[in-house]
Amino acid sequence: MLFVGIDVAKAKHDCCILDSDGVIHTNSLRISNSKEGFDTLYSSILSALGSKSINNVKIGLESTGHYSTNITNYLYSKGFQVTILNPLATNLFRKAQTLRKTKTDKTDAKVIATMLFTDESKSYSPVSYQIQELKSLTRHRHRMVSYRSRLKLSVSRLIDIIFPELPSLFWSIHQSSYALLIELPTPIVFTTAI
């Protein structure tokens, strides 16, 4: 059995390939976050695998948001079993293995590969396009609601400064006073109109 640990980053990934005896086949393989880099990793895994089946490979990487999406989908399409690990769990595992404070991408890849020996996490299965779009829309809606709340606070603050008596005239400053403020935008115009 081969265990492949991948430390994912934006532009490059560090990889470590171990076998079930703990022998390091590839310790410092650095690939680019591109199809060419993925092909390099694929050929390295196949050369370390020898004549064994792809089912004898377990690949692990940390959940790093969208940076790991392309390599995960690539490896899954090649038939590999890919496990997405929690970064907090790998950090605790690394701290439990050594007292040294050194943390490099190379050591992280090795820690992830070693962690796969005992990890029984569920392997990756791709999310449908519709679910990805729903997640994206939900995040966008959350950002817009947050932005709207900040704008409402800003408008309330400005109204309290410029027209301190206005909120007492309306049951909700945000529901019915905007049309009035468009017609009478300054305190001078507002007081002469009354």
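## Sheet and helix packing in a predicted model

Colleague: Which residue takes a positive phi in the hairpin of β2 and β3?

Modeller: This is a predicted model, in which local features need pLDDT of at least 70, side-chain atom pairs count only at pLDDT 80 or more, and totals for chains, interfaces and linings use all residues. Numbering runs from 1 along each chain as its sequence is written, and side-chain values use heavy atoms, with hydrogens and water left out. The hairpin has four residues between the strands, and the one with a positive phi, near 90 degrees, is Gly-22.

Colleague: How many bridges join β2 to β3?

Modeller: Strands (E, at least two residues) and helices (H or I, at least four) are DSSP runs numbered from the N terminus, and two strands pair if DSSP finds at least two bridges between them. Asp-14 stands opposite Arg-30 in β3. β2 and β3 run antiparallel, and the number of bridges is six.

Colleague: Which strands stand at the edges of the sheet?

Modeller: The open sheet has five strands in the order β3-β2-β1-β4-β5, with mixed pairing. Each edge strand has a single partner, so one side of each is left without a neighbour in the sheet; these strands are β3 (24-32) and β5 (81-85).

Colleague: Over how many bridges do β1 and β4 pair?

Modeller: Ile-6 stands opposite Leu-61 in β4. Strand β1 (residues 2-8) and strand β4 (residues 57-62) pair in the parallel sense, and the number of bridges is five.

Colleague: What angle does the direction of α1 make with that of β3?

Modeller: α1 packs on the sheet, touching β1, β2 (12-19), β3 and β4; contact means heavy atoms within 4.5 Å. Axes are lines fitted to C-alpha atoms, for helices over the stretch in contact, and angles run from 0 to 180 degrees between N-to-C directions. For α1 and β3 the angle is about 170 degrees.

Colleague: At what angle do the axes of α1 and α2 cross?

Modeller: Helix α1 (residues 35-49) and helix α2 (residues 69-77) have axes that come within 11 Å. Lys-35, Phe-38, Asp-39, Leu-41 and Tyr-42 in α1 meet Asn-70, Ile-71, Tyr-74 and Leu-75 in α2. The crossing angle is roughly 45 degrees.

Colleague: Which element of the protein chain has the lowest mean pLDDT?

Modeller: pLDDT is the predictor's confidence in each residue, from 0 to 100. The protein chain averages 83, and 90% of the residues score at least 70. Among the elements, α1 has the highest mean (92), while the lowest (60) belongs to helix α8 (residues 187-193).
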